[in-house]
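Subject: Structure handed over, with notes

Hello,

Please find the structure below.

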Amino acid sequence: MQQVETRSAISAKPKKQIGRSIRLSLRTVNVLLSLLLPVTVLIVWQGAGMLGLLNPTLLPTPAVILQEFIDLTRSGELLAHLRISSWRALLGFLLGGGLGLAAGLWVGFSYKAERLVDPSLQMLRTLPHLAVAPLFILWFGFDETSKVLLIAKGAFFPMYVNTFLGIRSVDNKLFDVAEALQFSRWQLMTKLMLPGALPNLFLGLRLSIGVAWLGLVVAEMMGSSSGIGYLINDARYFSITSVVFVGILVFAAFGKLTDSLVKLLERRMLRWQDSYKGGDL
């Protein structure tokens, strides 16, 4: 009996190792596929620049942009601007996203609140950042308050809309089950409605973070003396296109990093979700 158990344990180890190697190989293939398009674009871009097909003032080569990034990093200028921009984006996102989550939960749980608040919020949602930025500067000046509030304005609505839709998209049949199990109102919210709304909540979180970065660009380019947006605007004024590209790529990299962190958290918290993962088309 012990020999049989020993053999089964020995045979189980290679199966686990094979499963791990398959998962690693799939991850490697996925990473290579995700890098295929940007690497191809960079190679073609660099080749066209070296052949003189591009105007170096309007479109510098990736090598020139990389050197500019290294120089700005060594001088400490890029990190100083990035630290300021990250702090603004964080404050604006926490303020706007937090209020959007609270408002979405309130309106989602209450039909009266929906009739009272939602029409006005939907009207305000359509106002573009560039239209309200001058007003924010007039009201709150050029200091940090106007920038944080402008970022918060952008981060509020994606979180609000997706929280509201997440609450309202919970299957109505589940409420019959909750009634049969005699759930209290607290249990109804914490064990049924909020878990059912989690996919939409994470979608709202991702969109809210993305819009917070966009709002940061608008806020810093409209009136600022520091931050990545200011660095881009200042370089544009002096026609230093390589610095403009460095700022754009920094925004893109940090936006992608924050989005990937939220996606990782989403995968861990929504393991129970059995949804379509995409085919081979």
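The lining of the largest cavity is made up of seven nonpolar, two polar and one charged residues. Please keep in mind that this is a predicted model. The residues in question are Ala-133, Phe-136, Ile-137, Phe-142, Ser-146, Lys-147, Leu-150, Ala-219, Met-222 and Gly-223. Three helices, α5 (129–140), α6 and α8, each give at least two residues to this lining. The volume of the largest cavity is about 70 Å³. How many cavities of 30 Å³ or more are there? The count is one.

The largest pocket has a volume of about 510 Å³. Its lining consists of 15 residues, and those nearest the centre of the pocket are Pro-38, Leu-42, Trp-45, Leu-249 and Ala-252. Two or more lining residues come from each of α1 (2–50), α2 (62–75) and α10 (241–269). Which element gives the largest share of the lining? That is α10, with seven residues. In terms of domains, domain 1 (2–50) and domain 2 (62–269) each contribute at least three residues to the lining of this pocket. By class, the lining of the largest pocket has 15 nonpolar residues, with no polar and no charged ones. For the largest cavity, by comparison, the list includes two polar residues and one charged residue.

The last topic is salt bridges, of which five were counted. One of them pairs Glu-220 with Arg-88, with 2.8 Å between the closest N and O atoms. These two residues lie 132 residues apart and link distant parts of the chain: Glu-220 belongs to helix α8 (residues 185–222), and Arg-88 to helix α3 (residues 77–109). Are the two partners buried or exposed? Glu-220 has a relative accessible area of 1%, which is under the 20% limit, so Glu-220 counts as buried. Arg-88 has a relative accessible area of 2% and is buried as well.

A second salt bridge joins Glu-114 to Arg-168, and here the closest N and O atoms are 2.7 Å apart. This pair also links distant parts of the chain, with Glu-114 in helix α4 (residues 111–125) and Arg-168 in helix α6 (residues 144–168), 54 residues apart. Arg-168 is partly exposed, because its relative accessibility of 36% falls between the 20% and 50% limits. Glu-114, at 11% relative accessibility, is buried.

Glu-114 also meets the side chain of Arg-115 in a salt bridge, at 3.8 Å from N to O. Arg-115 is partly exposed, with a relative accessible area of 45%.

Which residues do salt bridges with shared partners join into one network? They are Arg-88, Glu-144 and Glu-220. The Glu-220 and Arg-88 pair described above therefore belongs to this network, since salt bridges are what join its members.

Best wishes

Notes:
Residues numbered from 1 in each chain as written. Predicted model: local features only at pLDDT ≥ 70, side-chain atom pairs only at ≥ 80, totals over all residues. Heavy atoms only, no water. 1 Å grid on protein atoms, 1.4 Å probe; cavity = no way out; pocket = protein on both sides within 12 Å on 5 of 7 lines; lining within 4 Å. Points joined across faces, edges and corners; volume = space filled by probe spheres on them. Helix = DSSP H or I, 4+ residues; strand = E, 2+ residues; numbered from the N terminus. Nonpolar A, V, L, I, M, F, W, Y, C, P; charged D, E, K, R; others polar. Domains from an automatic or database assignment. Salt bridge = Lys/Arg side-chain N within 4 Å of Asp/Glu carboxyl O. Buried < 20%, exposed > 50% of the residue type's maximum accessible area, 1.4 Å probe, protein only.
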